[in-house]
Amino acid sequence: MCWNKRPGTTVYAREVPDRSHPPATFEELAIPLLDQLYNFARWLTQDAAEAEDLVQETYVKALRGFSSFQAGTNFRAWMYRILRNIFLNSRTGLKTTVVFDEENPAGAPAEISTPESLLIAQATRETVQQALADLPVHFREILLLCEVEEMSYQEIAETLAIPAGTVMSRLYRARRALRALVQQRMGGDCHGV
Amino acid sequence: MACEAWRPKLDAYVDGELAAAEAGALSVHMRNCAACASAVLELVQMKRSVALAGRRSVPSAQLRARVMASVATKPRARSAWAWRSLLAPALLLAIVTAIVTFYIARENARLQRVYSELTDLHVAALAGSSPVDVVSSDRHTVKPWFQGKLPFTFNLPELQGSDFTLLGGRLTYLEQAPGAHLIYQVRKHEISVFIFQDREAEAATLPSGAAHALSFNEETWTQDGLRYFVVGDTNTDDIRALSDLLRNAK
């Protein structure tokens with residue numbers, strides 16, 4: 001099946017510094033990430049002006065700390081981690097209650113897929129966006145890193161500074177939470193489909 | 001494997017994080033399991049929906065310009081490396097310069113010390129009741145007087161036709177070495193000429209040249225294994241003229 005492969009991963013291959021060449025400059029590495037970092041910042045802050053400040057501060061901090069970045073390691077994960085740390089320490093970030101109750105997903109009752117659960121395919125883009133916005137930040141960010149940034153579990157683990165096993169369980173719960181929110185929003189139409 | 005065992009792995013499967021063998025086994029399982037196949041399809045559709053919905057905002061041109069400016073004004077990492085490669089030669093140059101400066105300063109300090117000592121000898125001799133031990137304007141009288149008193153000999157110039165007159169000579173010592181101290185006069189100014197053996201010692205390695213200290217003019221050079229110093233309160237032209245006469249003495 002085609003989704004078994006991750007088609008987007010190669011897009012970011014050039015961001016990993018090649019050791020045979022002189023070390024890339026901060027500018028060369030960081031500027032191509034501007035669009036995605038801003039999009040991510042916007043999802044975290046839910047505010048245009050705040051997202052701009054967050055991105056600007058991320059670049060300034062990252063440039064200042066660039067000497068501590070180890071060439072050959074994941075630059076993208078490093079940048080996202082800086083952005084996220086600044087956000088979590090901001091006023092908006094401190095207000096967001098992050099719940100870290102990681103439990104084994106295997107222990108949770110498995111939800112049997114019914115034809116009704118496929119309604120997410122019919123949900124409009126706006127509905128999914130609203131559901132995403134309603135998600136707690138720790139669910140929202142991990143879904144964005146996985147689906148929009150197409151990061152591997154390892155990259156997500158680096159970015160969020162959590163173990164790879166936690167990435168898997170949190171993703172599982174984030175998807176269930178999103179599915180529930182979408183279903184809730186489409187509640188009235190559910191039986192009509 | 002039963003459906004229940006596969007359920008927790010479906011997310012990893014759609015994320016491409018399942019090991020190849022497991023992914024293959026799940027594919028086989030799904031051919032006969034509608035529930036799992038439908039769950040996977042739902043997850044894939046969800047991934048697509050989120051990917052689509054998640055790409056929502058693009059940065060304004062203003063922010064892009066701001067970020068570019070804040071990044072571009074800072075020194076580039078590559079120039080930092082170039083600077084480091086220049087560090088070793090720059091450091092070496094600085095060390096060499098420091099050593100050379102130190103030696104030049106030390107030479108100058110030593111020359112100043114010798115000059116000030118000679119100036120003292122010059123002034124002390126003139127201040128004394130008998131400035132010279134051999135009083136004669138005749139070089140043929142003065143020169144033989146030093147025989148047996150100095151371990152070297154020297155030539156004195158013929159002064160006929162010049163403004164200089166020889167007043168006489170005396171024995172002197174500089175840095176524990178004996179030497180001849182001759183006193184000349186030009187227009188009521190006294191000029192001292194010191195002649196020492198050009199040893200390996202300090203004074204011998206002094207650079208030649210003229211100097212000026214405390215209104216005294218001085219000139220020094222080496223010739224035929226002897227070190228000459230000319231010290232006087234007259235102008236530099238007189239000092240140079242007398243030095244030239246001594247240099248050409250036969």
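This is a predicted model: local features need pLDDT of at least 70, side-chain atom pairs count only at pLDDT 80 or more; totals for chains, interfaces and linings use all residues.

Tutor: Residues are numbered from 1 along each chain as its sequence is written, and chains are lettered from A and ligands numbered from 1 in the order in which they are written.

Student: How many helices and strands does chain B have?

Tutor: Helices (H or I, at least four residues) and strands (E, at least two) are DSSP runs, numbered from the N terminus. Among contacts in chain B between residues at least 6 apart in sequence, 56% join residues at least 24 apart, where a contact means that two C-beta atoms, placed from the backbone, lie within 7 Å. The secondary structure of chain B amounts to eight helices and seven strands.

Student: Which residue stands opposite Gly232(B) in β7(B)?

Tutor: Two strands pair if DSSP finds at least two bridges between them. Strand β4 (residues 189-197) of chain B runs antiparallel to β7(B), joined by seven bridges, and in β7(B) Arg227(B) has Phe196(B) opposite. Strand β6 (residues 216-223) of chain B also pairs with β7(B) in the antiparallel sense, over seven bridges, and these two form a hairpin with two residues between them, where Asp224(B) in the turn has a positive phi of about 50 degrees. The residue opposite Gly232(B) is Asn217(B).

Student: Is Leu118(B) buried or exposed?

Tutor: Leu118(B) lies in helix α6 (residues 77-127) of chain B, and, leaving aside its neighbours within four places in sequence, it is in contact with Leu174(B), Phe194(B), Phe229(B) and Val231(B). With 24 other C-beta atoms within 10 Å, Leu118(B) is buried.

Student: Are α3(A) and α5(B) roughly parallel or roughly antiparallel?

Tutor: Axes here are lines fitted to C-alpha atoms, for helices over the stretch in contact, with angles from 0 to 180 degrees between N-to-C directions. The axes of helix α3 (residues 48-64) of chain A and helix α5 (residues 61-72) of chain B come within 10 Å and cross at roughly 15 degrees. Angles under 35 degrees count as roughly parallel, over 145 as roughly antiparallel, 65 to 115 as roughly perpendicular and the rest as oblique. The two helices α3(A) and α5(B) are therefore roughly parallel.

Student: Which class, roughly parallel or oblique, describes α7(A) against α8(A)?

Tutor: The axes of helix α7 (residues 137-148) and helix α8 (residues 153-160), both of chain A, come within 10 Å and cross at roughly 140 degrees. On that angle, α7(A) is classed against α8(A) as oblique.

Student: Which elements are included in what covers the buried residues of α8(A)?

Tutor: Six of the eight residues of α8(A) are buried, so this helix is largely enclosed by the rest of the structure. The buried residues are Tyr153(A), Glu155(A), Ile156(A), Glu158(A), Thr159(A) and Leu160(A). What covers them includes, in chain A, α4 (75-89), α7 and α9 (164-185).

Student: What is the phi of Ala161(A)?

Tutor: Most residues other than glycine have a negative phi. Ala161(A) is in the loop between α8 and α9 of chain A, and it is exposed, with 10 other C-beta atoms within 10 Å. Its phi is positive, in a residue other than glycine, and is near 55 degrees.

Student: Where is Arg187(B)?

Tutor: Arg187(B) has a positive phi of about 45 degrees although it is not a glycine. Arg187(B) is exposed, with 9 other C-beta atoms within 10 Å. Its place is in chain B, in the loop between β3 (177-186) and β4.

Conventions: A residue is buried if 20 or more other C-beta atoms lie within 10 Å of its own, exposed if 12 or fewer, and partly exposed in between; C-beta atoms are placed from the backbone.
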